[in-house]
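I opened my notebook next to the viewer today. These are my entries, in the order I looked things up.

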Amino acid sequence: MKDLRKNYTKDALLEANLPSQPFALFEEWFAAAVAEPLISEANAMVLSTVHNNAVDSRIVLLKDVRDSHFVFFTNYNSHKGKQLEENGNCTILFPWIAQERQVIVRGKATKISEQESSDYFDSRPKGSQIGAWVSEQSSEIGSREDLDANLDFYLKKFENTLIPKPNHWGGFEIKPVEIEFWQGRENRLHDRILYYVENEKWYFKRLQP
Ligand SMILES: Cc1cc2nc3c(=O)[nH]c(=O)nc-3n(C[C@H](O)[C@H](O)[C@H](O)COP(=O)(O)O)c2cc1C
(Lines give C-alpha, C1' and ligand atoms only; values in the text may rest on other atoms or scores of the structure.)
Protein backbone atom coordinates (compact mmCIF):
# COMPACT_ATOMS: atom_id res chain seq x y z
CA MET A 1 0.00 0.00 0.00
CA LYS A 2 2.75 2.39 0.93
CA ASP A 3 3.87 2.81 -2.68
CA LEU A 4 0.37 3.48 -4.04
CA ARG A 5 0.46 7.16 -4.80
CA LYS A 6 -0.80 9.45 -7.54
CA ASN A 7 -0.13 13.05 -8.37
CA TYR A 8 -3.32 15.09 -8.87
CA THR A 9 -3.28 17.33 -11.93
CA LYS A 10 -6.74 17.28 -13.52
CA ASP A 11 -8.18 20.64 -12.54
CA ALA A 12 -7.98 23.61 -10.18
CA LEU A 13 -10.47 25.43 -7.98
CA LEU A 14 -9.75 29.13 -7.96
CA GLU A 15 -11.65 31.96 -6.31
CA ALA A 16 -11.95 33.88 -9.56
CA ASN A 17 -14.27 31.18 -10.94
CA LEU A 18 -16.42 30.55 -7.87
CA PRO A 19 -20.14 31.31 -7.69
CA SER A 20 -21.37 33.20 -4.62
CA GLN A 21 -23.35 30.19 -3.34
CA PRO A 22 -22.41 26.51 -3.42
CA PHE A 23 -25.39 24.96 -5.21
CA ALA A 24 -24.40 26.21 -8.65
CA LEU A 25 -20.93 24.71 -8.18
CA PHE A 26 -22.41 21.45 -6.86
CA GLU A 27 -24.65 21.23 -9.93
CA GLU A 28 -21.69 21.83 -12.23
CA TRP A 29 -19.53 19.20 -10.49
CA PHE A 30 -22.43 16.74 -10.27
CA ALA A 31 -23.10 17.01 -14.03
CA ALA A 32 -19.39 16.46 -14.69
CA ALA A 33 -19.38 13.40 -12.40
CA VAL A 34 -22.42 11.94 -14.20
CA ALA A 35 -20.64 12.45 -17.54
CA GLU A 36 -17.42 10.78 -16.31
CA PRO A 37 -17.39 7.13 -17.48
CA LEU A 38 -15.01 6.12 -14.69
CA ILE A 39 -17.62 7.07 -12.06
CA SER A 40 -20.25 4.34 -11.92
CA GLU A 41 -22.84 6.02 -9.67
CA ALA A 42 -22.20 9.74 -9.37
CA ASN A 43 -25.10 10.13 -6.93
CA ALA A 44 -23.69 7.57 -4.46
CA MET A 45 -22.69 9.38 -1.29
CA VAL A 46 -21.36 8.29 2.08
CA LEU A 47 -23.86 9.32 4.76
CA SER A 48 -22.44 9.60 8.27
CA THR A 49 -24.74 9.83 11.26
CA VAL A 50 -24.38 10.09 15.02
CA HIS A 51 -25.04 6.98 17.08
CA ASN A 52 -24.60 6.98 20.88
CA ASN A 53 -21.97 9.66 20.62
CA ALA A 54 -20.13 7.57 17.99
CA VAL A 55 -20.24 7.76 14.19
CA ASP A 56 -21.95 5.41 11.72
CA SER A 57 -21.52 5.51 7.92
CA ARG A 58 -22.98 3.92 4.82
CA ILE A 59 -23.64 4.74 1.14
CA VAL A 60 -27.02 6.05 -0.02
CA LEU A 61 -28.13 7.57 -3.31
CA LEU A 62 -28.81 11.27 -3.74
CA LYS A 63 -32.19 11.60 -5.45
CA ASP A 64 -32.73 15.34 -5.59
CA VAL A 65 -31.29 18.72 -4.73
CA ARG A 66 -34.17 21.13 -4.37
CA ASP A 67 -34.83 24.29 -2.34
CA SER A 68 -31.18 24.13 -1.20
CA HIS A 69 -31.73 20.68 0.37
CA PHE A 70 -30.16 17.30 -0.51
CA VAL A 71 -32.76 14.48 -0.65
CA PHE A 72 -32.34 10.70 -0.26
CA PHE A 73 -34.72 7.82 0.51
CA THR A 74 -34.55 4.98 2.98
CA ASN A 75 -36.36 2.88 5.56
CA TYR A 76 -37.24 5.10 8.54
CA ASN A 77 -36.86 2.08 10.87
CA SER A 78 -33.32 1.32 9.69
CA HIS A 79 -30.32 2.17 11.84
CA LYS A 80 -29.74 5.40 9.90
CA GLY A 81 -33.46 6.26 10.00
CA LYS A 82 -33.60 5.96 13.78
CA GLN A 83 -30.27 7.70 14.24
CA LEU A 84 -31.38 10.67 12.16
CA GLU A 85 -34.69 10.89 13.96
CA GLU A 86 -32.82 11.10 17.27
CA ASN A 87 -30.10 13.44 16.01
CA GLY A 88 -30.39 14.98 12.54
CA ASN A 89 -26.79 16.16 12.43
CA CYS A 90 -25.09 14.36 9.56
CA THR A 91 -22.54 14.54 6.77
CA ILE A 92 -22.75 13.37 3.19
CA LEU A 93 -19.59 12.84 1.15
CA PHE A 94 -19.24 12.39 -2.60
CA PRO A 95 -15.96 10.54 -3.42
CA TRP A 96 -15.48 11.53 -7.06
CA ILE A 97 -11.94 10.16 -7.04
CA ALA A 98 -11.72 9.64 -10.82
CA GLN A 99 -11.89 13.43 -11.13
CA GLU A 100 -9.65 13.99 -8.11
CA ARG A 101 -12.63 15.60 -6.39
CA GLN A 102 -14.48 15.28 -3.11
CA VAL A 103 -17.52 17.21 -1.88
CA ILE A 104 -18.51 17.15 1.80
CA VAL A 105 -21.89 18.49 2.93
CA ARG A 106 -22.50 19.01 6.66
CA GLY A 107 -26.02 19.72 7.84
CA LYS A 108 -29.17 18.56 9.50
CA ALA A 109 -31.61 15.96 8.16
CA THR A 110 -35.38 15.99 8.60
CA LYS A 111 -38.11 13.84 7.07
CA ILE A 112 -39.75 15.14 3.89
CA SER A 113 -43.53 15.17 3.49
CA GLU A 114 -45.45 11.91 3.06
CA GLN A 115 -46.78 13.31 -0.21
CA GLU A 116 -43.32 13.90 -1.68
CA SER A 117 -42.17 10.44 -0.53
CA SER A 118 -45.27 8.82 -2.08
CA ASP A 119 -44.77 10.68 -5.34
CA TYR A 120 -41.22 9.39 -5.60
CA PHE A 121 -42.20 5.87 -4.45
CA ASP A 122 -44.84 5.70 -7.18
CA SER A 123 -42.18 6.48 -9.80
CA ARG A 124 -39.91 3.57 -8.72
CA PRO A 125 -39.73 0.24 -10.58
CA LYS A 126 -42.11 -2.40 -9.18
CA GLY A 127 -39.22 -4.54 -7.93
CA SER A 128 -37.87 -1.71 -5.78
CA GLN A 129 -41.36 -0.98 -4.46
CA ILE A 130 -41.76 -4.62 -3.40
CA GLY A 131 -38.29 -4.57 -1.86
CA ALA A 132 -39.33 -1.72 0.43
CA TRP A 133 -42.09 -3.97 1.84
CA VAL A 134 -39.97 -7.12 2.02
CA SER A 135 -36.99 -5.82 3.99
CA GLU A 136 -37.10 -4.65 7.58
CA GLN A 137 -33.84 -2.89 6.84
CA SER A 138 -31.09 -3.30 9.48
CA SER A 139 -33.02 -5.93 11.51
CA GLU A 140 -31.60 -9.44 11.87
CA ILE A 141 -33.07 -12.20 9.68
CA GLY A 142 -32.41 -15.92 10.08
CA SER A 143 -31.51 -16.79 6.50
CA ARG A 144 -31.64 -15.78 2.84
CA GLU A 145 -34.52 -18.26 2.50
CA ASP A 146 -36.56 -16.27 5.04
CA LEU A 147 -36.01 -13.13 2.97
CA ASP A 148 -37.04 -14.96 -0.23
CA ALA A 149 -40.17 -16.23 1.55
CA ASN A 150 -41.04 -12.63 2.48
CA LEU A 151 -40.55 -11.69 -1.16
CA ASP A 152 -42.94 -14.44 -2.31
CA PHE A 153 -45.50 -13.27 0.23
CA TYR A 154 -45.48 -9.66 -1.01
CA LEU A 155 -45.31 -10.66 -4.69
CA LYS A 156 -48.59 -12.53 -4.16
CA LYS A 157 -50.12 -9.83 -1.99
CA PHE A 158 -49.51 -7.14 -4.60
CA GLU A 159 -49.91 -9.34 -7.66
CA ASN A 160 -52.68 -7.37 -9.30
CA THR A 161 -52.64 -4.09 -7.44
CA LEU A 162 -50.75 -0.86 -7.35
CA ILE A 163 -48.15 -1.01 -4.59
CA PRO A 164 -48.66 1.65 -1.92
CA LYS A 165 -45.73 3.24 -0.11
CA PRO A 166 -45.09 1.58 3.25
CA ASN A 167 -45.36 4.00 6.18
CA HIS A 168 -41.83 3.11 7.26
CA TRP A 169 -40.28 4.22 3.95
CA GLY A 170 -39.58 7.77 2.83
CA GLY A 171 -37.15 10.57 2.26
CA PHE A 172 -34.90 12.78 4.32
CA GLU A 173 -33.79 16.24 3.26
CA ILE A 174 -30.49 17.62 4.48
CA LYS A 175 -30.21 21.35 5.01
CA PRO A 176 -26.53 22.17 4.65
CA VAL A 177 -24.61 24.56 6.89
CA GLU A 178 -21.25 23.88 5.21
CA ILE A 179 -20.21 22.51 1.83
CA GLU A 180 -16.56 21.82 1.10
CA PHE A 181 -15.26 21.36 -2.43
CA TRP A 182 -11.89 19.60 -2.75
CA GLN A 183 -9.87 19.49 -5.94
CA GLY A 184 -6.63 17.50 -5.97
CA ARG A 185 -3.51 19.43 -6.99
CA GLU A 186 0.16 18.72 -7.47
CA ASN A 187 2.45 17.90 -4.53
CA ARG A 188 -0.53 17.36 -2.20
CA LEU A 189 -1.18 21.11 -2.25
CA HIS A 190 -4.84 20.67 -3.03
CA ASP A 191 -7.57 23.31 -3.41
CA ARG A 192 -10.15 23.29 -0.62
CA ILE A 193 -12.99 25.80 -0.71
CA LEU A 194 -15.40 25.81 2.22
CA TYR A 195 -18.78 27.47 1.75
CA TYR A 196 -20.52 28.29 5.04
CA VAL A 197 -23.74 29.97 6.09
CA GLU A 198 -23.99 33.05 8.28
CA ASN A 199 -27.35 34.75 8.83
CA GLU A 200 -28.88 32.77 5.95
CA LYS A 201 -26.19 34.00 3.54
CA TRP A 202 -23.44 31.90 1.95
CA TYR A 203 -19.77 32.85 2.11
CA PHE A 204 -16.63 30.94 1.20
CA LYS A 205 -13.07 30.69 2.39
CA ARG A 206 -10.01 28.70 1.36
CA LEU A 207 -8.68 25.99 3.67
CA GLN A 208 -5.11 24.73 3.72
CA PRO A 209 -4.72 21.35 2.08
C1 LIG B 1 -24.21 2.07 -4.16
C2 LIG B 1 -25.13 1.91 -2.97
C3 LIG B 1 -26.30 2.65 -2.92
C4 LIG B 1 -27.17 2.53 -1.83
N5 LIG B 1 -28.29 3.32 -1.79
C6 LIG B 1 -29.09 3.26 -0.71
C7 LIG B 1 -30.20 4.16 -0.58
O8 LIG B 1 -30.42 5.06 -1.43
N9 LIG B 1 -31.00 4.03 0.50
C10 LIG B 1 -30.77 3.09 1.47
O11 LIG B 1 -31.53 3.01 2.42
N12 LIG B 1 -29.71 2.24 1.40
C13 LIG B 1 -28.87 2.31 0.34
N14 LIG B 1 -27.78 1.48 0.26
C15 LIG B 1 -27.55 0.50 1.34
C16 LIG B 1 -26.89 1.19 2.55
O17 LIG B 1 -25.51 1.40 2.30
C18 LIG B 1 -27.03 0.40 3.86
O19 LIG B 1 -26.50 -0.89 3.75
C20 LIG B 1 -28.50 0.27 4.30
O21 LIG B 1 -29.25 1.43 4.01
C22 LIG B 1 -28.59 -0.02 5.79
O23 LIG B 1 -27.94 1.01 6.50
P24 LIG B 1 -28.17 1.26 8.06
O25 LIG B 1 -28.25 -0.11 8.71
O26 LIG B 1 -26.97 2.02 8.51
O27 LIG B 1 -29.43 2.02 8.21
C28 LIG B 1 -26.86 1.60 -0.79
C29 LIG B 1 -25.66 0.89 -0.84
C30 LIG B 1 -24.81 1.05 -1.90
C31 LIG B 1 -23.50 0.28 -1.89
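The entries below go from the overall layout to single residues.

**Ground rules.** I am working with a predicted model, where local features need pLDDT of at least 70, side-chain atom pairs count only at pLDDT 80 or more, and totals for chains, interfaces and linings use all residues. I number residues from 1 along each chain as its sequence is written.

**Overall layout.** I looked up the secondary structure and found 5 helices and 8 strands. Helices here are DSSP runs of H or I with at least four residues, strands are runs of E with at least two, and both are numbered from the N terminus. From the N terminus on, I read the order α-β-β-β-α-β-β-α-α-α-β-β-β. The C-alpha trace spans about 60 × 45 × 35 Å along its principal axes. Of the contacts with a separation of 6 or more, 61% join residues 24 or more positions apart; a contact means that two C-beta atoms, placed from the backbone, lie within 7 Å.

**Burial and cores.** I find 23% of the 209 residues buried. A residue is buried if 20 or more other C-beta atoms lie within 10 Å of its own, exposed if 12 or fewer, and partly exposed in between, with C-beta atoms placed from the backbone. Next I looked for nonpolar cores, which are sets of buried Ala, Val, Leu, Ile, Met, Phe, Trp, Tyr and Cys residues joined through C-beta atoms within 7 Å. The largest core has 27 residues, and Cys90, Ile92, Val103, Val105, Phe172, Ile174 and Ile179 touch the most other members. Two or more residues each come from α1 (22-35), β1 (44-51), β3, β4 (89-96), β5 (101-111) and β6 (169-183). Which element gives the largest share of this core? I noted β6, with 5 residues. There is also a second, separate core of 5 residues, including Phe121, Ala132, Trp133 and Trp169.

**Phe70.** I picked Phe70 in strand β3 (residues 69-75). Phe70 counts as buried because it has 24 C-beta neighbours inside 10 Å. Not counting residues up to four places away in sequence, Phe70 touches Leu62, Val65, Ile92, Val105, Glu173, Ile174 and Pro176. Its C-alpha atom is separated by 10 Å from that of Phe23, 47 residues apart along the chain.

**Helix pair.** I then turned to α4 (residues 126-134) and α5 (residues 144-157), which pack at an angle of about 120° with axes 9 Å apart. Axes are lines fitted to C-alpha atoms, for helices over the stretch in contact, and angles run from 0 to 180 degrees between N-to-C directions. The pair is therefore oblique; angles under 35 degrees count as roughly parallel, over 145 as roughly antiparallel, 65 to 115 as roughly perpendicular and the rest as oblique. Ile130, Trp133 and Val134 of α4 meet Leu147, Asn150, Leu151, Tyr154 and Leu155 of α5.

**Positive phi.** Most residues other than glycine have a negative phi, so I checked for exceptions. Ser68, not a glycine, has a positive phi of about 60° and sits in the loop between β2 (54-66) and β3. Ser68 counts as partly exposed because it has 15 C-beta neighbours inside 10 Å. Asn199 also has a positive phi, of about 50°, in the loop between β7 (191-198) and β8 (201-207). Is Asn199 buried or exposed? With 5 C-beta neighbours inside 10 Å, I logged Asn199 as exposed.
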